[in-house]
Amino acid sequence: MLKTYLLILTTVCMLLAGCSSRHTPAPVTSLSSGKSSETQKIHIKNNRYQVQKGDTLFAIAFSANKDVRTIAQINGIKPPYVIYPGQTIYVENPQNKNKKRKKYTIKADKSSKKKQKNNKITKKELDQPKQREYVQKHSSKNDNESKVIFSNKVRWRWPAVGKVTKHFSSKENGYKGLQITNVEGAPVKAAADGIVVYAGSALRGYGNLIILKHNDDYLSAYAHNSKLEVTEQQKVKVGQKIAEMGSTDATKTALRFEIRFRGQAVNPVKYLPSK
C-alpha cells in the first residue's frame with residue numbers, strides 16, 4: 001500500500017513539473033548559423049531598408065548603386081560603418097522630399113557654357129571604346145591572369161580563367177559586369193589587394209557573393225560562387241583564391257565580375273589587362 005502511494009505521488013510530481021516547464025520560452029535558433037536556406041534578401045523599398053542580421057552597409061550601398069560614403073552621410077553613420085538589425089537605412093535623404101526646388105533663370109555666358117561642356121562626362125568616356133573578349137584555357141600558365149594594370153593606385157588582374165560570355169553594357173538595364181564561364185569549382189581570385197566588406201547571399205540575383213574594397217573609390221564584386229573561402233574584414237592579396245566558381249542564383253556556371261567606382265558600375269575591361 002505504501003509503495004503504491006509513493007508511486008502515485010512521484011507520478012503527480014512529474015506531471016506538475018512538466019506543466020510548469022511549459023511556461024519557459026521556447027528556444028530560439030540563432031540566425032547567424034548560416035545554415036538556413038531562407039536567407040532574407042536585401043530589398044530597398046521607398047528609398048529605405050530595414051537592416052537584417054548579416055547585412056553590411058557596403059552590401060546595402062551596392063544594392064542601391066550608391067557610394068557607401070553617401071549612404072553613411074545620409075544616415076549619420078561614421079566609419080567603420082557599424083549597423084544593427086532593425087535599424088532603418090535611408091538611401092536617399094528623406095528631407096529632400098519636403099523641400100521644394102526653386103527655379104532660377106540664369107543667363108549663362110560663353111565661358112560658363114564652355115566649362116559645362118568640358119566638365120561633362122559622356123558614356124563613351126566611362127566605357128571602353130572596343131570591348132575585348134578574354135579567352136583562356138584552364139591549364140594555361142602564360143596567360144592574362146598573371147598580367148596587371150594599375151589604376152588609381154589599384155593593381156588589377158583578371159579574377160578567373162575562362163571565356164567571357166557576357167560583356168558590360170551601359171544601358172539602364174544592361175549587364176553591369178563580365179560573365180566569365182568555366183567549370184564548377186574553378187578558382188575565383190581577388191582582382192586586386194583589398195578587404196572583404198561582404199560575404200554572403202543576401203543580394204538578389206548574385207547568389208553567393210563577395211565584395212572587396214580596394215580603396216575609398218573602388219570596389220569589386222564576385223557573384224554566383226559555389227563556395228566562399230574568405231570572411232568579412234579579412235584582408236586579401238591580388239591573385240589570392242577567394243571562392244570557387246558556381247551557379248548559385250544563376251542558370252549557368254560562371255563568375256559575374258563587377259568593378260564599382262564610387263558606387264557606380266564601370267566597364268571592367270577598361271581596368272583589366274588586355275590579351
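Mentor: Ile211 stands opposite Ala221 in strand 10. Strand 9 and strand 10 pair in the antiparallel sense over five bridges, and a hairpin of four residues joins strand 9 to strand 10. This is a predicted model, in which local features need pLDDT of at least 70 and side-chain atom pairs count only at pLDDT 80 or more, while totals for chains, interfaces and linings use all residues. Residues are numbered from 1 along each chain as its sequence is written, and side-chain values use heavy atoms, with hydrogens and water left out.

Trainee: What makes strand 9 and strand 10 a pair?

Mentor: Two strands pair if DSSP finds at least two bridges between them; strand 9 and strand 10 have five bridges. Strands here are DSSP runs of E with at least two residues, and helices are runs of H or I with at least four, numbered from the N terminus.

Trainee: Which strand does strand 8 join, and in what sense?

Mentor: Strand 8 (residues 194-200) is joined by five bridges to strand 9 (residues 208-213), and the two run antiparallel. Ala199 stands opposite Ile210 in strand 9.

Trainee: Why is the pair of Phe58 and Tyr81 called edge-to-face?

Mentor: Rings of Phe, Tyr and Trp (its six-membered ring) pair if their centres lie within 6.5 Å; planes under 30 degrees apart count as stacked, over 60 as edge-to-face and the rest as tilted. The centres of Phe58 and Tyr81 are 5.9 Å apart and their planes stand at 70 degrees, so the pair is edge-to-face.

Trainee: What makes the pair of Tyr218 and Phe261 tilted?

Mentor: The centres of Tyr218 and Phe261 are 5.0 Å apart, with 50 degrees between the planes, and the pair is tilted. Tyr218 lies in strand 10 (residues 218-225) and Phe261 in strand 14 (residues 254-261), so the pair ties together parts 43 residues apart in sequence. Trp156, Tyr218, Phe261 and Tyr271 form one aromatic cluster.

Trainee: How do you know whether Tyr218 is buried or exposed?

Mentor: Buried means under 20% relative accessible area, exposed over 50%, and partly exposed in between (1.4 Å probe, protein chains only). Tyr218 has 5% relative accessibility, so Tyr218 counts as buried. Phe261 has a relative accessible area of 27%, and is therefore partly exposed.

Trainee: What places the charged end of Arg256 over the ring of Tyr175?

Mentor: A charge sits over a ring if NZ of Lys or CZ of Arg is within 6 Å of the ring centre and within 35 degrees of the ring normal. The charged end of Arg256 sits over the ring of Tyr175, 4.6 Å from its centre.
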